[in-house]
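The following exercises concern the structure shown below. Each task is followed by a solution in steps.

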Amino acid sequence: MATKDKSDDMRSFDLPREYYHWFSKESVWGWLFLLPTLFALGLVSVYPIFRGIYLGFTQYDGIGDPQWIGLENYARILGWTEMWIVLRNTLVWAFAAVVIMALVGLGFATLLNRDFKGRSVATTLLLLPWAVPFIAIAFNWRLMYSFELGPLNGVLRMIGVSDGVPWLASSRYALFSVALAWIWRNFPFFMLTFLAAMKGIPNDLYEAARVDGSTKLDTFRHITLPFLQPIAIVVTLLMSLWSLNHFTLIYVMTGGGPGTSSMVLPVYIYRRAFHLREYGLASAIAVVMLTIMLTYGLIYLRLYREDVGGQ
Amino acid sequence: MATETDPQHAPETGSESESGLLTERYVELGKAIGFHALLWSLVTIVLFPVLWMIVVSVNQIAFDTFVSDPAAWFSDASMSAYDQMVNETRFLTWFTNSAIVSVSATVVSIVVCLLGAYSIGRLHFRGRQTVATFLLITQMFPAILIAIPLFLVFRDIGLFNTLTGLVIAYVAFTLPFAIWMLRGFYENLPTSLEEAAMIDGCTRVGAVFRVIVPLSAPAIATTAIFTWVLAWNEFVFALVLINDPDKKTLPPGMSEWIGQYSLNWDLLMAGALGATLPMLVIFFFLQSYIVKGLSEGAVK
Amino acid sequence: MSQIDFESVTKVYDGDVVAVDDFNLTIESGEFLTLVGPSGSGKSTLLRMVAGLEDVTEGTIAIGGETVNKLPPRNRDIAMVFQSYALYPHLSVRENMSFGLKRSTNLSNDEISERVEEAASMMGISDLLDDRPKQLSGGQRQRVATGRAIVRKPAVFLFDEPLSNLDAKLRKHMRTELKRIQQELDTTSIYVTHDQEEAMTMSDRIAILNYGELQQVGTPREVYDHPANLFVAEFIGSPSMNIFDVRYESTGDGTGRLTGDIDLEIGDRAPMLEARETDRFKIGIRPENIHVTRDETSAQGVEVFIDLIEPLGRDDLLYFSLDRESSEQIVSELDVEEDAESGDIELDDHKAFIEADSVDPTRERIVLTINTQDVHIFDAETGENVMLEEPKQEQPASTT
């Protein structure tokens with residue numbers, strides 16, 4: 001209450017009118033209620049980010065004081081071919097995989113978007129991957145890809161195509177294999193989002209199209225898809241952001257290997273920092289990652305506001 | 001339309017001949033069978049990895065062997081892997097740590113987020129839009145970039161290797177998401193509700209806790225579930241901020257089994273199922289909240 | 001007891017949007033005062049300032065002699081009925097009604113439930129006490145919202161467009177009921193509405209606002225018969241007053257006539273027009289004061305074009321225009337309106353109540369007479385009513 005009384009006094013003497021709003025009741029309560037949030041985020045999010053950005057300009061092995069070396073870290077990073085491989089992998093992981101995820105989700109949503117007995121059971125069962133923790137998914141899919149025990153190679157052997165493929169151990173398939181597990185876990189999110197969006201399409205449109213003699217494929221192409229497009233773009237970008245940040249599956253399933261064939265940025269940064277104790281260099285790479293995510297995030301925000309009308 | 005019973009269809013075919021009607025029915029039936037066959041085989045394929053996880057956890061068996069001789073799997077099935085997991089590994093310790101950390105982080109996060117979401121979602125003041133955008137931007141910070149300096153700070157102030165430190169990190173980590181989720185719900189409540197409460201004798205805080213919080217109980221439950229799942233799944237902070245094997249949480253702890261027990265597939269699967277169990281329980285009991293949260297969270 | 005005083009009350013949003021400007025008014029204890037005006041006129045802001053839901057930027061509001069500017073809503077001894085009713089969805093009707101009593105009084109549970117029962121029977125909702133708001137109809141919710149206000153026995157009732165979410169029939173019924181309850185309880189009430197009919201039928205006094213400025217305060221009869229300015233004249237009354245542009249022509253001997261859209265001898269009212277700086281005026285005539293001329297050669301007759309005759313039962317409503325082009329335009333617009341089946345026909349048209357079936361609708365033209373005594377004359381520039389004797393110093397008459 002003290003804050004409020006003080007503000008009341010201040011306004012009658014000191015403040016010009018245009019500053020009144022900072023001391024309106026709602027403003028005082030608003031900032032008061034935000035205080036714990038801002039405190040927590042300031043301490044554990046904002047401060048570390050700035051410290052991380054600072055570390056990016058230093059050389060630091062975790063002992064003693066960081067040494068300022070300017071842009072040297074960045075110069076080193078950009079010269080590495082390794083770095084470009086990691087970047088490419090990251091893009092495959094965060095874009096290609098997500099687009100496939102969205103398509104799978106769309107397929108299931110289309111299947112489920114009708115009335116039939118068992119609809120809710122099917123929906124629930126299809127959501128199940130979402131209820132498996134990442135660490136369990138990593139174990140689970142290591143088993144799926146296992147040379148001896150894995151069902152994938154089992155099927156290949158049974159139909160006589162090959163003796164089995166070392167999915168996770170070959171630089172050719174590793175990234176693709178982990179991405180499949182990631183798709184498995186996340187397509188339900190797209191499925192649900194699309195289902196919800198499909199329910200929002202006015203039925204008259206379909207009826208009008210049917211009267212006009214459109215086939216099912218026509219209505220899907222000319223009514224369903226255009227309606228889903230804005231939300232699809234937004235959700236895809238959101239999932240890409242989450243994918244960029246994802247760590248567990250790659251770290252546990254391949255560790256980025258063999259070599260750097262399935263290495264993505266977060267795992268790479270982790271190794272640089274905590275295995276090689278190159279905290280400065282690792283931070284610099286993380287700043288590159290931050291730049292990518294922020295650019296991406298800002299595009300997301302913009303589209304979100306324009307297409308979905310969110311705030 | 002591939003439904004079994006389609007009431008709208010009957011009148012349309014009513015004028016046709018008896019045989020035409022029959023053919024029509026067979027076509028409908030055929031479509032329905034085709035649809036269900038497709039759907040349920042896809043469902044089976046999606047669920048297969050989980051089913052296989054269960055199969056292997058009780059008896060480590062190759063897929064081709066299992067298909068050719070399922071009886072062999074059945075006769076050798078045992079719970080020995082679960083026994084080993086409980087008695088010979090730190091699974092229970094990690095599980096407990098995970099539970100402590102994720103539940104504490106959720107509780108603290110929800111309390112803080114209630115106030116924050118109320119402020120951003122319902123109070124009108126200059127700066128709220130900026131704060132809301134700021135919250136979204138913190139979601140774009142790479143966890144690993146925060147983890148490095150946080151590790152250095154926690155090491156210096158003695159929070160490294162403590163569950164408390166991890167809880168603090170998780171609160172900040174889950175907060176923006178939780179606020180964002182709850183805010184959408186608060187924005188849609190009519191403002192006159194707490195105005196009525198304030199006229200009826202409540203203070204601003206009283207109105208929040210007597211009217212807004214009870215009203216938003218379902219939304220808070222949804223937010224809490226998602227917050228908890230985030231915390232239960234979190235890997236990077238747990239990996240970086242905890243080194244002591246007895247203080248580890250499940251994800252980083254279990255990740256070490258990959259090297260240690262790489263051939264004990266039954267143990268690995270038992271562990272995976274053990275880590276999944278709490279999430280499954282929550283999933284089946286609070287399914288409607290989750291579905292709502294998943295589908296609306298993104299749309300709003 | 002609980003008189004409400006507004007003294008130079010001003011509300012500024014975001015530093016530059018003036019919602020209420022220098023508002024002065026005293027509401028007597030037990031009075032039912034209606035704040036009426038178009039949306040954005042500041043009427044709701046005023047009510048919310050009384051409630052304590054908005055800060056007062058400048059000036060003071062006093063309830064029962066005590067300045068309440070800095071009191072939080074809970075300490076102002078007021079009850080409010082919201083447009084959206086704002087019933088707590090998670091509480092039963094009974095809990096909704098006792099919520100305030102539990103917070104703001106020390107009554108025992110028995111006393112509280114007694115008060116709730118009493119208020120419920122007064123509102124006719126005794127059977128609904130254990131229902132949730134979700135189970136109630138719109139009318140029932142309105143009753144509960146009102147019940148929740150009266151159970152508190154506050155010093156002041158605040159009504160924020162409480163009937164606007166009801167259908168027309170129910171709205172009329174609730175109007176009388178609210179008025180009856182207010183009279184029974186004799187509690188000072190401020191009622192905000194944009195519906196002038198509601199204001200006319202319920203209020204002891206009406207305060208008309210426009211752009212945050214008070215235009216006129218008075219009994220329904222006063223504001224209807226003696227509108228202070230053009231804005232009030234047009235806002236109060238339905239169908240609204242007919243307005244015509246005229247010019248004053250002095251004949252030099254202290255009298256004169258009005259010419260323009262219609263011509264009019266003004267006889268003894270001329271001095272008030274002579275005193276004005278301008279010679280441009282607007283005259284207003286209520287639809288019930290325009291009559292069909294029997295003697296078509298009368299000097300005061302105005303020949304007009306008939307657009308449409310709408311039978312209302314007791315009377316017919318004649319829509320007319322002063323010249324042929326606008327008549328044709330209006331008639332074609334009327335057709336469009338009717339095709340669109342929009343219930344109310346609201347056109348920029350002149351209207352007159354005439355005796356049912358007194359005019360053959362196929363006629364094109366008709367002669368109307370206007371009694372000079374029924375004519376309101378407004379200054380065309382300031383909008384002020386020039387016929388009001390006492391000069392209005394505290395009421396800015398401009399409607400811009």
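**Exercise 1: the surface and form of chain B**

The accessible surface of chain B comes to about 12,100 Å², and 66% of that surface belongs to carbon and sulfur atoms. Areas of this kind come from the Shrake-Rupley method with a 1.4 Å probe, and for residues only the protein chains shown count as cover. The model is predicted: local features need pLDDT of at least 70, side-chain atom pairs count only at pLDDT 80 or more, and totals for chains, interfaces and linings use all residues. Residues are numbered from 1 along each chain as its sequence is written, chains are lettered from A and ligands numbered from 1 in the order in which they are written, and side-chain values use heavy atoms, with hydrogens and water left out.

Task: state how many helices and strands chain B has, and what its radius of gyration is.

Solution. 
- Step 1. Chain B contains 17 helices and zero strands; helices (H or I, at least four residues) and strands (E, at least two) are DSSP runs, numbered from the N terminus.
- Step 2. The radius of gyration of chain B is 26 Å, whereas a compact globule of 300 residues would have a value near 19 Å. The radius is taken over C-alpha atoms, and the globule rule is 2.2 Å times the number of residues to the power 0.38.
- Step 3. The C-alpha trace of chain B spans about 80 × 60 × 35 Å along its principal axes.
- Step 4. Of the 300 residues in chain B, 56% count as buried, that is, under 20% relative accessible area, with exposed meaning over 50% and partly exposed in between (1.4 Å probe, protein chains only).

**Exercise 2: chain A**

Task: determine why chain A is described as more spread out than a compact globule.

Solution. 
- Step 1. Chain A has 13 helices and two strands.
- Step 2. Its radius of gyration is 26 Å, well over the 19 Å that the globule rule gives for 311 residues, so chain A is more spread out than a compact globule.
- Step 3. Taken along the principal axes, the C-alpha atoms of chain A fill a box of roughly 85 × 65 × 30 Å.
- Step 4. In chain A, 54% of the 311 residues count as buried.

**Exercise 3: the interface of chains B and C**

Task: which three residues supply 39% of the area that chain B buries against chain C?

Solution. 
- Step 1. In this interface, 16 residues of chain B are in contact (heavy atoms within 4.5 Å) with 22 residues of chain C.
- Step 2. About 1,700 Å² is buried between chain B and chain C, and carbon and sulfur atoms give 64% of this area. Buried area is the accessible area (1.4 Å probe) that two parts lose on being put together, summed over both.
- Step 3. The 39% share of chain B comes from B:Glu195, B:Ile199 and B:Asp200, more than any other three residues supply.
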